[in-house]
Amino acid sequence: MIRERGNSHGELQSYLEANRQSLTNYCRHSLYEKQHLEDAIQSVIAIVIEKFALFERGSDFRTWIFKICTNVVYNINKKAARERRHFISLSEQVEDAVAELQQEFAYDELLRHPDKVLAHVGDEMQEALLAIPGNERAVFLLKTIAGLTCREIAETLEIPIGTAMANLFRARAKLRVHLSEYAKQYGFLDNNVREDSKNGLQDH
Amino acid sequence: MDCKIIRKYLMLYLDSELGPEMTFEVSQHLDTCGSCQRLFDQEARLESHIRSILSRPADGDGILWRRALQKAARQSRRQSRRRVLYPAAISAGFALFIALSAGFWFYPSIFLKHHELDLAAFVDAEHTEFLKKPSAHFAAFGSNTEIVEYFRKHLSRDFMISDIEGSEAVVRGGNLCNVNGCGTAHLICDVGESLVSVFWLKSEDQAMFPDVQRRLAIESPTIHCKVAQHQFYLRQTRDALICGIGAIDSIRLQILVDNLCRAEGARNEYLIYPSQLKPAAADPRMTAEMVEKIT
């Protein structure tokens, strides 16, 4: 199906096949409009086919394809005028940001009973993800779905590694808070659990 | 190390993002601290759950992927073709333009030969009109003398009619007509089974026909072309433009017009050679009234 000069098309097909599910899920969870999913995947594949001859053997295909994917998703979201892309550059040390965030967000109750909550999660996960700013969401999805390291994420998104780490932490914390609120709202968790958890942390 | 410090690095430890020393430190602490170990396990479990939810394939993902792949492959093929064809088409167009320009510069006659002349278009319209309504285009001439006198009077020119040696043309009649504002003698000849119109224009009338003027300036004093279904042949003499048009082959048309022009020049007069005005009873295109007028 795919004919390409330079690098063999068999190689390209195997690369695409290996990243098929993660690419699809990444696009699905990044797009505001679900109906753009097929267009996004098609655009990514078309670009990959076109540029594959330029892809350097030995470099990381995942980083390359997710970079393309992020740009395609960003462009599609931008067309819908739903998202702005501005990566926040943190001047502080990552540790400071993490400490600050630990005080800001509390999701201890979710930690105790993740099964209870996540067993009921459906579209709420998607809603929670879309509530996170685009740059943080991109980092989080690249980590969770694509399994990239922070260094690879930083390379993919062309941001400093510290920023990638901070965005990842923020995204995780916000997602957990959102899921906790959802759980409390629908009675999946007991509010008292949170206090117990706080006390436990203060003990140490 | 203090639990608060360890917990700062817990997620980085979970992601295997810490350096070797810090990884060792956190690992050592988790072995000794049950609370931190519990928190780490919870985080890992939650993270694993979230990952499993987000990585779960949706229904129809396979179909969607295959469809997107096919579309992308088609799109890529189209783009590849465009990448090849566009420069080729542009190059070919440019080469053709250069070739045509060079050809027009060095051999203009080749390009002008099949160009529909303005004069040819006018006389073709006149001839076609005649074929539709022959009676309207015939003057009632009783003899050669009358037709000569008629043209001489209206065109202020001398005409002479004599026999054409070896010509198969027979004059049916004639009239004056207006070709693009120029008073023109229009003679109808019967050549074999076809009717041919012959037009006389003054030489200076060529100013009214820029195409003819340009071609006569760069070519021989004859022009041959085809207009619609008719052959057109024009010959320039010293004082006149004589052209014939009709549905006959080009050689016979050329012989007819050349014969008409043969003696022109020396005596500064137009020569109309066919001497006989014959009735055309056998020609279904001629009406009885026309035949009577001609005879």
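**View 1. Gln206(B) and the residues around it.** Setting aside anything up to four places away in sequence, Gln206(B) touches Val212(B), Gln213(B), Leu216(B) and Leu241(B); a contact here is a pair of C-beta atoms, placed from the backbone, within 7 Å. This is a predicted model, so local features need pLDDT of at least 70 and side-chain atom pairs count only at pLDDT 80 or more, while totals for chains, interfaces and linings use all residues. Residues are numbered from 1 along each chain as its sequence is written, with chains lettered from A and ligands numbered from 1 in the order in which they are written. You'll find Gln206(B) in the loop between strand E4 (194-202) and helix H9 (210-218) of chain B; helices (H or I, at least four residues) and strands (E, at least two) are DSSP runs, numbered from the N terminus. Gln206(B) counts as buried because it has 22 C-beta neighbours inside 10 Å. For the cut-offs, buried takes 20 or more other C-beta atoms within 10 Å of a residue's own, exposed 12 or fewer, and partly exposed is in between. Leu119(B) is 87 residues from Gln206(B) in sequence, yet their C-alpha atoms are 8.6 Å apart.

View 2. Chain B has eleven helices and eight strands. Its 295 residues include 32% that count as buried. Of the chain B contacts with a separation of 6 or more, 59% are between residues 24 or more positions apart.

View 3. What does the secondary structure of chain A come to? Twelve helices and zero strands. Of its 204 residues, 42% are buried. Among chain A contacts between residues at least 6 apart in sequence, 76% join residues at least 24 apart.

**View 4. H2(A) against H9(A).** The axes of H2(A) and helix H9 (residues 134-144) of chain A come within 10 Å and cross at roughly 155 degrees; axes are lines fitted to C-alpha atoms, for helices over the stretch in contact, and angles run from 0 to 180 degrees between N-to-C directions. That makes H2(A) roughly antiparallel to H9(A), a label for angles over 145 degrees. Tyr26(A), His29(A) and Ser30(A) of H2(A) meet Arg137(A), Ala138(A) and Leu141(A) of H9(A). As for H9(A) itself, eleven of its eleven residues are buried. Those buried residues pack against H2, helix H4 (61-79), helix H8 (123-131), helix H10 (150-157) and H11 of chain A, along with helix H4 (34-54) of chain B.

**View 5. The largest nonpolar core.** Of its 64 residues, Cys27(A), Ala40(A), Ile41(A), Ile45(A), Cys69(A), Val139(A) and Ala164(A) touch the most other members; a nonpolar core is a set of buried Ala, Val, Leu, Ile, Met, Phe, Trp, Tyr and Cys residues joined through C-beta atoms within 7 Å. Helix H11 (residues 161-185) of chain A brings the largest share of this core, ten residues. Beyond its neighbours within four places in sequence, Ala164(A) is in contact with Val139(A), Cys150(A), Ile153(A), Ala154(A), Leu157(A) and Ile159(A). A second, separate core has 37 residues, including Cys189(B), Val212(B), Leu260(B) and Cys261(B).

**View 6. Where chain A meets chain B.** The contact takes 34 residues from chain A and 32 from chain B. H3(A) gives the most to the chain A side, with eight residues.

Definitions and conventions
Two residues are in contact if their C-beta atoms, placed from the backbone, lie within 7 Å. Angles under 35 degrees count as roughly parallel, over 145 as roughly antiparallel, 65 to 115 as roughly perpendicular and the rest as oblique.
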